[in-house]
Amino acid sequence: MYIVIAGGGKVGSYLATVLLESGNQVAIIEENKAIADLLSVSLEGEYLVIHGDGCDSRFQEDAGIRRADIFVGATGQDDTNLVACEIAERVFHVNRVIARVNSPKNLRIFRKVGIECVSSTTLIANLIEEEALLGNVSVVSSLTHGNVSLSEFTIGHMRRHSDEEGVALGDIELPEGALAVAVAYEDDAEVANDDMILFPGDQVIVVADDDVLDEVRAVFRSL
């Protein structure tokens, strides 16, 4: 996969190292020239280091954002990560954006605009590794019997529906072998029913056969 990371500090550099060791291609956008210079000689693998502002579309373009599978906002500033992720998603239509969130009180803001957000570098790396196998889905657990997984899908900005009006769960046609069982909101969760209206940031818990997870992912991405 090709991953673009905004922020080459401790979190961004560690994440880049982990991803490169797994055979991925990585581009890092770092505003501090000294850090960018250090990264350019210390990383190993297929990588690119851009000295610039990750919130600037020109530098995202230089980093190859148009072919990126994933964009990660990994700076130490939540507002910077939010803007960088919004540009990657809205301007360049990157399929998946993940943001590092430093202050828990800001989690609500990121979820409201439909951006995946985590506070742990390890979790970010795990999410990206899952993408290599499954796509835009976080696997919560594998059930004991058979090839069935309990997975979590986050609703992002919708292309075919209105973000403000949302979409009814019953209007989302999941493939055979997949069933939505619960919906998690900002501070609550409910058993799924067809009348539920979903908005960006809501998370749908799906039980599905492993071999249809790609199809489920495609359904949620096409909303």
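**Overall fold and nonpolar cores of the predicted model**

The secondary structure of the chain comprises 7 helices and 13 strands, taken as DSSP runs numbered from the N terminus, with helices being H or I runs of at least four residues and strands being E runs of at least two. The model is predicted, so local features need pLDDT of at least 70 and side-chain atom pairs count only at pLDDT 80 or more, whereas totals for chains, interfaces and linings use all residues. Residues are numbered from 1 along each chain as its sequence is written, and side-chain values use heavy atoms, with hydrogens and water left out.

Of the 223 residues in the chain, 49% are buried, that is, under 20% relative accessible area with a 1.4 Å probe and protein chains only. The accessible surface, computed by the Shrake-Rupley method with a 1.4 Å probe, comes to about 11000 Å², and carbon and sulfur atoms account for 48% of this area. Contacts are defined by heavy atoms within 4.5 Å. Among those between residues at least 6 apart in sequence, 61% join residues at least 24 apart.

A nonpolar core is a set of buried Ala, Val, Leu, Ile, Met, Phe, Trp, Tyr and Cys residues joined through side-chain atoms within 4.5 Å. The largest such core holds 23 residues, of which Val4, Ile65, Phe71, Val94 and Val97 touch the most other members. At least two residues of this core come from each of strand S1 (2-6), strand S2 (25-30), helix H4 (78-90) and strand S5 (96-100). The largest contribution is that of H4, with 4 residues. Leaving aside residues up to four places away in sequence, Ile65 touches Val4, Gln60, Phe71, Ala88, Phe92 and Val94. Another core, of 21 residues, lies apart from the largest one and includes Phe153, Ala178, Val206 and Val219.

Strand S1 is mostly covered, with 5 of its 5 residues buried. In a regular strand, side chains alternate between the two faces of the sheet. On one side of S1 lie Tyr2, Val4 and Ala6, on the other Ile3 and Ile5, and all are buried.

Strands count as paired if DSSP finds at least two bridges between them. S1 pairs with S2 in the parallel sense over 5 bridges, and Ala6 stands opposite Ile29 in S2. With helix H1 (residues 10-21), these two strands make a right-handed β-α-β unit; right-handed here means that, with the strands pointing away from the viewer, the path from the first strand over the helix to the second runs clockwise. S1 also pairs in the parallel sense with strand S4 (residues 70-73), over 4 bridges. Within S4, Ile70 is the bridge partner of Ile3.

Conventions:
Buried < 20%, exposed > 50% of the residue type's maximum accessible area, 1.4 Å probe, protein only.
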